[in-house]
Amino acid sequence: MLPEIKLQGNIDVAALSPLLRGMLLSVAYAYGEGGIGLTATGAMNRKFVHWAAVHFLWPGFAAEDLYSMNKVLNESDMPPLWVVRDMTRHLKLLRRKKDVLLPTRRGREFLVNPQAFFDLVATDYLYSYVHTTEREEQVRARLRWWRMFLNLLNIKAREGCTPIDIVKILYPDLAPLSDTEMTIEAWKLKSDLQYGVFRRLCWLGVLYEAREGLTLLQDGAFHKTPLWPACLQLESDTQSDIGVH
């Protein structure tokens with residue numbers, strides 16, 4: 001059984017969750033500006049993409065970072081926007097009418113009380129959503145591991161952990177390897193964890209990566225945010241350490 005995601009307490013979800021904040025800002029923009037304009041190919045137009053880059057405050061995708069790689073920004077240049085658009089469409093918060101995206105009645109309800117939608121957003125995104133770089137089979141195969149991943153991170157992310165730390169716990173035979181050897185031998189394992197687990201938890205807002213002083217190629221340590229205990233109650237909450245047997 002998948003761990004239930006159930007928000008409890010009075011917490012500012014939009015301040016902590018990049019995904020919910022991006023969805024909320026997008027629906028609010030569509031409501032206030034008469035819709036989000038679409039290009040001839042159906043992509044969100046550059047005016048909105050620029051606005052989103054400035055206002056989303058998405059970790060790792062600040063406007064200056066995005067513009068350092070592109071002179072102009074299209075929807076395809078901002079990966080978080082793909083997820084925001086998919087989730088607002090999936091949950092029927094925005095609908096297309098000719099060349100604009102408009103808020104639905106449900107979207108207007110979302111603007112009034114976004115916290116009420118968090119459990120649904122979080123459950124669908126964490127367990128079901130298929131990123132552009134993934135296959136549906138990968139997402140389905142990961143379902144049986146989510147309880148273990150969340151309980152493991154529930155303890156290890158208290159003090160901070162990296163994807164390689166988790167790889168070493170899950171695959172103890174790799175633990176004695178040097179960093180260079182780990183990079184070669186465990187590249188796919190680390191990549192699957194980094195993008196399939198850590199990225200989802202960070203974009204949802206229950207983890208954050210401490211990256212101060214690191215280069216682009218270095219991994220930061222991942223820590224839990226206040227949103228984690230507010231929405232996840234796990235078997236390992238009372239444990240001080242955990243091993244994989």
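Here are legends for several close-up views of this predicted model.

Residues are numbered from 1 along each chain as its sequence is written. Because the model is predicted, local features need pLDDT of at least 70 and side-chain atom pairs count only at pLDDT 80 or more, while totals for chains, interfaces and linings use all residues; side-chain values use heavy atoms, with hydrogens and water left out.

**View 1. A three-stranded open sheet, in the order β1-β3-β2.**
Helices (H or I, at least four residues) and strands (E, at least two) are DSSP runs, numbered from the N terminus. Two strands pair if DSSP finds at least two bridges between them. The pairing in this sheet is antiparallel. Since β1 (36–37) and β2 are at the edges with a single partner strand each, one side of each has no neighbour in the sheet. Two bridges join β1 and β3 in the antiparallel sense, and Gly37 has Val100 in β3 as its bridge partner.

**View 2. The hairpin of β2 and β3.**
Here strand β2 (residues 94–97) runs antiparallel to strand β3 (residues 100–103), and the two pair over four bridges. Look for Arg95, which stands opposite Leu102 in β3. Two residues lie between the strands of the hairpin, and Lys98 in the turn has a positive phi of about 60 degrees.

**View 3. Aromatic rings of Tyr29 and Trp51.**
Rings of Phe, Tyr and Trp (its six-membered ring) pair if their centres lie within 6.5 Å; planes under 30 degrees apart count as stacked, over 60 as edge-to-face and the rest as tilted. The count by this rule is eleven aromatic pairs. One of them, Tyr29 with Trp51, is tilted, at 4.8 Å centre to centre and with 55 degrees between the planes. This pair links distant parts of the chain, 22 residues apart: Tyr29 belongs to helix α2 (residues 18–32) and Trp51 to helix α3. How well covered are the two residues? Buried means under 20% relative accessible area, exposed over 50%, and partly exposed in between (1.4 Å probe, protein chains only). Tyr29 is buried because its relative accessible area is 8%, whereas Trp51, at 21%, counts as partly exposed.

**View 4. Phe48 and Trp51, a stacked pair.**
The ring centres of Phe48 and Trp51 are 5.9 Å apart, with 25 degrees between the planes. Both residues lie in helix α3, three residues apart, about one turn of the helix. Phe48 counts as buried because its relative accessibility is 0%. Helix α3 (residues 46–55) also holds His55, which is partly exposed, with a relative accessible area of 37%. His55 and Ser26 are 29 residues apart in sequence, and their C-alpha atoms are 9.9 Å apart in space.

**View 5. An aromatic cluster, and arginines over rings.**
Phe56, Trp58, Phe61 and Trp203 make up one aromatic cluster. A charge sits over a ring if NZ of Lys or CZ of Arg is within 6 Å of the ring centre and within 35 degrees of the ring normal. By that rule, the charged end of Arg199 sits over the ring of Trp203, 5.1 Å from its centre. Arg200 lies over the face of Tyr125, at 5.6 Å from the ring centre.

**View 6. Glu134 and its surroundings.**
Glu134 belongs to the loop between α7 (118–127) and α8 (136–142). Its relative accessibility is 13%, so Glu134 counts as buried. A polar contact (a pair of N or O atoms within 3.5 Å; within protein, one must be able to donate a hydrogen and the other to accept it, and residues adjacent in sequence count only if both atoms are side-chain atoms) of 2.5 Å joins the side chains of Glu134 and Arg200. Not counting residues up to four places away in sequence, Glu134 is in contact (heavy atoms within 4.5 Å) with Tyr129, Val139, Arg142, Gly196 and Arg200.

A disulfide is a pair of cysteine sulfur atoms within 2.5 Å, and a search of the whole structure finds zero of them. The cysteine sulfur closest to that of Cys161 is in Cys202, at 10 Å, too far for a bond. Cys161 is buried at 3% relative accessibility, and Cys202 counts as buried at 15%.
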